Amino acid sequence: MRVLLRVLFVACLFFGASANLGGKSPEAGANDEDLARVEQSLGMINSQSNSLYSLDVVRVISVQKQVVAGVSYTYVVEAMRGDTENPVMEIIVWEKPDGTLEVQSSSVKYVVKSEPSSVLGQTLHLPGGYQKMKTNDPEAKSAAAEAARSLELEPNTIIVICEASAQLVNGINFQLELSRDTCEGETFHAKVFRSFSNEYTVNEVLSDVQHDE
């Protein structure tokens, strides 16, 4: 009986370990350790870049984890570069068994930019109607980055915020006018909700043609 129990115990350990190896598994949400890894990774990327502006993390959108010799993390990150650009990047980071990090790859999925705006930013204090926002408002750029995830975009596509407004409810509703490369082209009308716990829901993204129907 003891031999049987020992065999079952060893089998559980073997198959349990095997289940964690290989495939990537999505995490429920990013934690402080994930944020620290991303900040350190962006620091490594900045040190090898010739850009005048460094990349700073805005938020970690998603994380996948894969157990290898150490742990491999795949992060989708909204970063900030200067005052007008927010690139959304995929960063693959290897945390070695000794705890050190190595950035194995980084790529820009798309970039959210703001159109020059003369609109004065308004602070949302009370619920009510929509209020105009500056297109370079960090909240508007994060909402636009979330909306752009629902579009089929080539790597490094530029998404421009042409207009933005927000409404304070039990969270914040955003209405955005977005376009590729320039506001002179096709426009997308997006509605995005952000809860007070910073969870985003994209309610609608329509092109000019769909919006007019």
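User: What makes β7 and β8 count as paired strands?

Analyst: The model is a predicted one, and in it ten bridges join β7 to β8. Two strands pair if there are at least two bridges between them, so ten bridges meet the condition. The two strands run antiparallel. One example of facing residues is S165, which stands opposite Q175 in β8. The strands are joined by a hairpin through one residue.

User: How do you know that β8 is mostly covered?

Analyst: β8 has ten residues, and seven of them are buried. Buried means under 20% relative accessible area, so seven of the ten residues fall under that value. For the protein as a whole, 35% of the 213 residues count as buried.

User: Which strand pairs with β8 over eight bridges, and in which sense?

Analyst: That strand is β9, and the sense is antiparallel. The condition is at least two bridges, so eight bridges make β8 and β9 a pair. S179 has T187 in β9 as its bridge partner. The hairpin of β8 and β9 has six residues between the strands, and D181 takes a positive phi near 70 degrees there.

User: Why is the link of C162 and C183 called a disulfide?

Analyst: The distance from S to S is 2.0 Å. A disulfide needs two cysteine sulfur atoms within 2.5 Å, so the pair C162 and C183 qualifies. About the S-S bond the angle is -105 degrees, and the link is left-handed. C162 lies in strand β7, while C183 lies in the loop between β8 and β9, 21 residues apart. A search of the whole structure finds one disulfide.

User: What is C183 called: buried, exposed or partly exposed?

Analyst: C183 has 21% relative accessibility. Buried means under 20% and exposed means over 50%, so C183 falls in between and is called partly exposed.

User: And T157, is it called buried or exposed, and why?

Analyst: T157 has a relative accessible area of 14%, which is under 20%, so T157 is buried. T157 is in strand β7. Not counting residues up to four places away in sequence, T157 touches K109, Y110, V111 and R180.

User: What about F196, buried or exposed?

Analyst: F196 has a relative accessible area of 52%, which is over 50%, so F196 is exposed. F196 is found in the loop between β9 and β10. Leaving aside neighbours within four places in sequence, F196 still has contacts, with L168, V169, N170 and G171. F196 and V169 are 27 residues apart in sequence and 9.9 Å apart from C-alpha to C-alpha.

User: Which residues of α2 are buried, and what puts them on the same side?

Analyst: The buried residues of α2 are D34, R37, V38, S41, L42 and I45. They cover an arc of only 135 degrees around the axis, and therefore they are on the same side of α2. In an α-helix there are 3.6 residues a turn, so residues three or four places apart point the same way. D32, E33 and S47 are exposed on the other side of α2.

User: What covers the buried residues of α2?

Analyst: The cover includes β2, β3, β4 and β5. Of these, β2 and β3 run antiparallel and are joined by twelve bridges. At least two bridges are needed, so β2 and β3 are a pair. In β3, S72 is the bridge partner of Q66. The two strands form a hairpin with one residue between them.

User: How many helices and strands does the protein have?

Analyst: There are four helices and ten strands. Along the sequence the pattern is α-β-α-β-β-β-β-β-α-β-β-β-β-α.

Methods. Residues are numbered from 1 along each chain as its sequence is written. This is a predicted model: local features need pLDDT of at least 70, side-chain atom pairs count only at pLDDT 80 or more; totals for chains, interfaces and linings use all residues. Side-chain values use heavy atoms; hydrogens and water are left out. Buried means under 20% relative accessible area, exposed over 50%, partly exposed in between (1.4 Å probe, protein chains only). The arc is that of the directions from the helix axis to the C-beta atoms. Contact means heavy atoms within 4.5 Å.
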